[in-house]
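Hi there,

Here is the structure I promised to pass on to you. Have a look at it first, and then read my notes below.

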Amino acid sequence: MTSQQYIDLEDRHGAHNYHPLPVVLSEGRGVYLYDVGGRQYFDFLSAYSAVNQGHCHPRIVRALSEQSSRLTLTSRAFYNDRLGPYEKYLTEYFHFDKVLPMNTGAEAVETAIKICRKWGYEVKGIPHDRARIIVCGQNFHGRTTTIISFSSDPNAKGNFGPYTPGFESVPYGDLDALRSKVSEDPATIAGVLVEPIQGEAGVFVPEDGYIPGVAAACRENNILFVADEIQTGVGRTGALLRVCGDCTCAGHCERQPTYTRPDVLILGKALSGGTYPVSAVLADDAVMNVIRPGQHGSTFGGNPVACAVAMEALEVVRDEKLTQNARRLGRLFRERMQELVDRHPETLRLVRGKGLLNALVINDSPEGDTAWNLCLALAERGLLAKPTHGNIIRFAPPLVISEAELMEACDIIQEAIAHLAADHVGSEAEKVDRG
Ligand SMILES: *Cc1c(COP(=O)(O)O)cnc(C)c1O
């Protein structure tokens with residue numbers, strides 16, 4: 001079958017809830033993806049930072065295959081020999097008392113919201129049904145009905161109402177706005193839900209003091225600080241978690257000074273290295289113990305395959321020092337991109353990011369097609385990336401990328417931009433000619 005035939009099949013038989021780049025992939029290895037014609041591409045999306053450990057990492061694939069030939073699912077109606085060891089491992093890795101295992105990111109966010117509300121009533125003493133959770137503008141926390149209820153994206157939200165009440169939004173990165181919101185009526189606020197970097201919104205990195213400031217405002221008012229690290233966690237930003245700030249220990253430390261500890265930590269995506277849907281909510285006993293038997297769950301949550309895969313995926317992050325690699329190569333990447341921004345100010349506005357979660361902002365409106373065309377030009381040259389919000393391109397390769405590979409990828413980006421800029425100059429010249 002040709003690429004076009006695969007695309008037509010999806011178009012005819014699948015819901016049109018995505019708008020993919022026209023490339024049909026059939027294999028992946030490390031930082032590379034291969035299309036059905038055998039063409040090789042650098043993967044600079046990593047499935048939205050799920051594939052931090054690289055495609056089909058042999059150790060993770062082996063864990064998946066060994067466990068799936070032994071025992072795949074028991075449900076939580078019974079104990080199994082993988083869940084306990086995984087829970088011990090995960091809670092020690094991230095320094096929390098307990099974990100509640102789920103599958104997708106959105107489910108983990110839902111779980112965190114439920115824990116937060118229940119804690120609000122049973123521990124904090126918020127009056128019945130009055131608990132509020134503060135969220136941020138331009139957030140992305142998933143696609144369920146409750147989560148899109150507090151989205152500010154009309155596309156994510158439109159015509160899916162009526163919406164779940166109990167959420168209020170403040171501008172992201174604005175500590176004063178958060179402080180003043182919290183001080184209005186702290187007694188009815190159960191939690192503040194924040195992404196330490198807003199990935200989907202276009203890789204918005206708040207000022208250094210923002211996350212510690214949010215945590216402090218929560219602490220002072222007996223409010224849970226809930227960190228959604230589904231995209232930023234597991235080494236992506238050059239620290240094990242983004243809330244670790246600039247701590248380089250990769251999770252070996254006992255709470256370094258830069259570490260801002262969330263009360264509730266949400267993980268997903270790279271927790272499994274992209275092989276399997278695995279998500280988790282972590283908290284200490286004082287919070288997690290509000291959940292008792294029958295009050296929350298999932299048939300697949302914490303299944304033996306998920307446990308085996310996630311443990312191996314986290315071992316890989318440690319053994320291959322992916323956090324440190326993301327930090328070092330992230331700097332080099334932004335340096336290279338900054339040179340391009342300086343050289344092509346008519347095409348590029350800026351580069352920003354942390355570790356290997358970066359974005360290039362294109363000098364075009366969100367409705368313009370420059371970013372899309374650049375992504376097509378990149379694909380033609382062997383690099384896959386996708387625009388977010390029209391004029392922003394996120395660059396997030398697997399963290400196993402080497403310096404030589406990164407430099408080669410930067411050359412591809414440089415060439416595609418030069419090509420686009422030449423077109424731009426060409427069309428400007430044409431305008432001048434015609435004018
Ligand atoms: C991807 C993502 C989610 C949702 O995860 P799914 O697995 O797609 O449900 C939630 N929060 C953040 C920050 C994400 O990046």
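Which polar side-chain atom lies 2.8 Å from an oxygen atom of the ligand, and to which residue does that atom belong? The residue is glutamine 231. Please keep in mind that this is a predicted model.

The backbone takes part around the ligand as well. A backbone N or O atom of glycine 105 lies 2.8 Å from an oxygen atom of the ligand, and a polar backbone atom of phenylalanine 140 is 3.4 Å from a ligand nitrogen atom. On its own the ligand would expose 380 Å², and the protein buries 81% of that.

Now for a pair of helices. Helix α8 covers residues 175-184 and helix α9 covers residues 210-220; their axes come within 10 Å and cross at roughly 10°. Angles under 35 degrees count as roughly parallel, so α8 is roughly parallel to α9. From α8, the residues Leu175, Leu178, Arg179 and Val182 meet Tyr210, Gly213, Val214, Ala216, Ala217 and Glu220 of α9. The residues of this contact divide into 7 nonpolar, 1 polar and 2 charged.

Enjoy exploring, and write back with any questions!

Best wishes

Definitions and conventions. Residues are numbered from 1 along each chain as its sequence is written. This is a predicted model: local features need pLDDT of at least 70, side-chain atom pairs count only at pLDDT 80 or more; totals for chains, interfaces and linings use all residues. Side-chain values use heavy atoms; hydrogens and water are left out. Axes are lines fitted to C-alpha atoms, for helices over the stretch in contact, and angles run from 0 to 180 degrees between N-to-C directions. Helices (H or I, at least four residues) and strands (E, at least two) are DSSP runs, numbered from the N terminus. Angles under 35 degrees count as roughly parallel, over 145 as roughly antiparallel, 65 to 115 as roughly perpendicular and the rest as oblique. Contact means heavy atoms within 4.5 Å. Ala, Val, Leu, Ile, Met, Phe, Trp, Tyr, Cys and Pro count as nonpolar, Asp, Glu, Lys and Arg as charged, and the others, Gly among them, as polar. A polar contact is a pair of N or O atoms within 3.5 Å; within protein, one must be able to donate a hydrogen and the other to accept it, and residues adjacent in sequence count only if both atoms are side-chain atoms. Accessible areas come from the Shrake-Rupley method with a 1.4 Å probe; for residues, only the protein chains shown count as cover.
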